[in-house]
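Keep the structure open as you read.

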Amino acid sequence: MGFLRLGAREWNGRARGIRSMSEPVTPDSSRKKRTLLQFLSDYFHDIHALREYLLRKQILKGNRKNRSFADIQEKYGPYVTGALFILKQGGAVKYDSCHERMFQNKEWIRPNEHGHFPTEFLEFRKVPVEAVDASGCAINYQGMSNLPVPLKELRFLSLQRCPNVDDWCLSRLYLLADSLQELSLAGCPQVSERGLACLHHLQSLRRLDISDLPAVSHPGLTQILVEEMLPHCEVLGTDWAQGLKLEPDQQPQNTPAVSP
Amino acid sequence: MTNWDAKVSEFKKKIECILPGKQWEEPYDTSHLPPKQSDVVIVGGGILGLSVAFWLKKLENRRGAIRVLVVEQDHTYSRASSTGPSVGGIWQQFSVPENVQLSLFSINFLRNINEYLAVVDAPLVDLRFNPSGCLLLASEKDAATLENNVKMQRQEGAKVCLMSPEQLQNKFPWINTEGVALASYGMEDEGWFDAWSLLQGLRRKVQSMGVLLYQGEVTSFITSSSQMQTPSGEQVVLRRINKVHVKMDKSLEYQPVECAAVINAAGPWSGQIAELAGIGKGLPGTLQGTKLPVEPRKRYVHLWHCPQGPGLETPLVADISGVYFRREGLGSNYLGGYSPTEEEEPDPTNLEVDHDFFQNKVWPHLVQRVPSFKTLKVQRAWAGYYDYNTFDQNGVVGPHPLVVNMYFATGFSGRGLQHAPGIGRAVAEMVLDGQFNTIDMSPFLFTRFYLGEKLQEYNIL
């Protein structure tokens, strides 16, 4: 069975290629690197079924990390649920600074390199979570029910470089309309201008970072439209000169430096 | 034992032909024809037909248990109501609870589209969903109905909120709230998407599941009937469809396909297909004489450009007058249309666009509701067919009471696209289990046409 395992590993590498949007799937490209499993599945129905199973597992991979924390919510309350969820995913949480007498430090609570985090926050069931840094976490739409739903007073949210955050996730952010002041979506590969359109609910937003979004088709135009949509918000986006290709003599405006 | 000698001599003759040196007459090549037998034949390969095929294969007990054949007249889908012509909207704001449940299931399906439709070695389906919500406006006389509807929708789980004219003006300053007493706005799970990619994704998936897709036309049904008696002693004639004659495209060749069940998902032409099976051939007022009241109705969609128009936050707006519109893309383009009254119905015999229709019927209402649309310029317009149910504009699902193995999945009058996943599942459950397991669609059965029970939907787009 050694050769089958080899095929699966190779095939999994190829499957990541399917996900990337820049690579068109042409008949030639699929012929170049045919793995053993691909070859066999043309002849054996069982191999074909095996490949379908592997594909399904690939797609459902994110679900375990984003399972619902409803039982924890019953026992510990909403704030602890949200904090626990984020910390388990590898993100960081910060509590409301006016309650700092409960803490030695009002810094971010983060898991260390072994994934362990301090558990004092489990005591603070009534303390609202103020800021969440979920950069690079595997949070997806299902996981969002553990985030904006319980954490009603969230002021700062960073979803930078989250690979599974897409337009559907953004449509759930309206629940934070009253409290959210800063939001960062920089570097999320699946967020497009269609998801950005539903950020208009967030009227308290003061800072929005939408730089480096590969799925947005016209970054400059999108930034203008988002700025019109949220007049009180400062929008950090792409370099202005990108949208001004046709008029090289016009001076490009200076936007604040972008750093995710 | 009769004719045994004749059969043996015939057999000997055939063997002699095959031996080397003799004349070998090749059997006729029928690989371009559909198979001679199929468990289920689905008439119509549009979004509803493909959805039923998908769920039949997904819910079967054993892999490869059901053989499904989908017969579609036009593989380019040039007249299909669910693709290029479609505005592609999905919303949960209905007055019939089953419609709300169907929409909620459909949005779940669309959100997890790749869990359902992923095919090995094929690119993932990208629906380009715009989660911008849907805004329904109501005048004074409809305000109470709207409020009740919203209460029911929230009970079912839809996230809809009510807005007063002041709140509406605050949120969307480009709306003229004159005449608006109440508005309902979907906060989540509503918007619009690319119907064509859904259709192609479904086609790819059902082909990988083993469904046969054929380009052809259903010309007739071969039925057999039997006399039965109801518990009250009445005589009824029940009919079964035994064979479906599928005619090949651009030729007179046809293949009789023996089948166990036929699904009528022919969209605007479902009425004609039903007549072929003998539905409606009888005295008017009887069950035999009740026709399937689905006919094609032409609807226009117009695309216009307006640089001063509403911004990125624009939802799918449905006005009191029947006009609706939404944004299209980033370049200040808008798509919209109008549901005409019975007197204003355009002629459905062709798909020509009547440009005066926009000038006279659509533009005045648009400008009244959104004053900045005064400077709009129409770029394009096209037409498509609705599978319009003339009885109550709601779909027909389930078996016919007399032609026992014909199941309907049609008549949704413009909402077939957004409800397709739910309807497909309901029909598949009916065919496989004999009952609706998840969403109870009994109010949508055929018998309501005979009994005269209308299932009216409040707002139709």
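Glu345(B) is buried, with a relative accessibility of 18%. Here buried means under 20% relative accessible area, exposed means over 50%, and partly exposed lies in between, with a 1.4 Å probe and protein chains only. Arg299(B) is buried as well, at 7%. Glu345(B) and Arg299(B) form a salt bridge. That term means a side-chain nitrogen of Lys or Arg within 4 Å of a carboxyl oxygen of Asp or Glu. The closest N and O atoms of this pair are 3.2 Å apart. Glu345(B) sits in the loop between strand S14 (333-338) and helix H9 (355-369) of chain B, while Arg299(B) belongs to strand S11 (residues 294-305), so the pair links distant parts of the chain, 46 residues apart. Helices (H or I, at least four residues) and strands (E, at least two) are DSSP runs, numbered from the N terminus. The pair also belongs to a network of salt bridges that links Glu295(B), Arg297(B), Arg299(B) and Glu345(B).

The model is predicted: local features need pLDDT of at least 70, side-chain atom pairs count only at pLDDT 80 or more, and totals for chains, interfaces and linings use all residues. Residues are numbered from 1 along each chain as its sequence is written, chains are lettered from A and ligands numbered from 1 in the order in which they are written, and side-chain values use heavy atoms, leaving out hydrogens and water.

Over all chains, the count comes to 18 salt bridges. Three of them are listed here.

| Salt bridge | Closest N and O atoms |
|---|---|
| Glu345(B) with Arg299(B) | 3.2 Å |
| Arg111(B) with Asp189(B) | 3.2 Å |
| Glu52(A) with Arg63(B) | 3.4 Å |

What does the pair Arg111(B) and Asp189(B) tie together? Arg111(B) lies in helix H3 (residues 97-111) of chain B, and Asp189(B) in the loop between strand S6 (182-186) and strand S7 (191-192), so the pair ties together parts 78 residues apart in sequence. Both Arg111(B) and Asp189(B) are buried.

Glu52(A) is partly exposed, at 24%. Arg63(B) is exposed, at 51%.

Now to the bent helix. Helix H10 (residues 416-433) of chain B has a kink of about 40°, centred on Gly422(B). The bend at a residue is the angle between axes fitted to the seven residues ending there and the seven starting there. H10(B) is mostly covered, with 15 of its 18 residues buried. Gly434(B) follows H10(B) and has a positive phi, near 80°.
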